[in-house]
Amino acid sequence: GAYDGDTVLEFTEHSDKYNDIVAFEPDALTFRHFKRNTEGIRDCIGINAAVGRYDGKVSFASGGGRASHCEAFGEGTVDCVSIDKFCGFTHINASGTPVGSIKIDAEGMDEDVICGAVNTIYCCKPHLAVALYHRASDLIALPLLIRKHYHKYEFYLRKKEYVPAWDIFLYAIKR
């Protein structure tokens, strides 16, 4: 999720060359913090929803921050959208909205987010930043899944320079 807007703020500090920033955050309280923290940023669209494989509702456990996550038996439900549907790439030859980059840090739903973005990845070949630290299997499974949908990505692993120290990201950069 977009959390409190920290990534949006970091991105816009380093670049003003973008058209739109679309950020999804499913936790209602955290989404309010996101809106407050990003209100002065141009063309920043915040959406109070989860991102996944399909559109609909998903069970959600609100942790009031980074601990919030989708799970089989959450205390409530939230709206969920797929990147493909949101961007208009519902099939390979669709002419949706061009996407330059996607950051995925979905607290364990990272594979579902990628699966819901396969047409967007195929059509747009956006740069990707994907969290690999939620599940041990993600370190192998997610790069293989991405490679399946666009085989020309160059992969880089990087550890973010903040606490917690296990935040490892895969960067998939189109050649």
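A charge sits over a ring if NZ of Lys or CZ of Arg is within 6 Å of the ring centre and within 35 degrees of the ring normal. The model is predicted, so local features need pLDDT of at least 70 and side-chain atom pairs count only at pLDDT 80 or more, while totals for chains, interfaces and linings use all residues. Residues are numbered from 1 along each chain as its sequence is written, and side-chain values use heavy atoms, leaving out hydrogens and water.

**Exercise 1.** Find which ring face Lys125 lies over, then do likewise for Arg42.

*Solution.* Start with Lys125: it lies over the face of Tyr122, 5.0 Å from the ring centre. Next, Arg42 lies over the face of Tyr18, at 4.1 Å from the ring centre.

**Exercise 2.** Classify the aromatic pair of Phe169 and Tyr171, and say whether each residue is buried or exposed, or in between.

*Solution.* First, the rule: rings of Phe, Tyr and Trp (its six-membered ring) pair if their centres lie within 6.5 Å; planes under 30 degrees apart count as stacked, over 60 as edge-to-face and the rest as tilted. By this rule there are six aromatic pairs. In one of them, Phe169 and Tyr171 are 6.4 Å apart centre to centre with 35° between the planes, a tilted pair.

Now the accessibility (buried is under 20% relative accessible area, exposed over 50%, partly exposed in between, with a 1.4 Å probe and protein chains only). Phe169 has 1% and is buried, whereas Tyr171 has 23% and is partly exposed.
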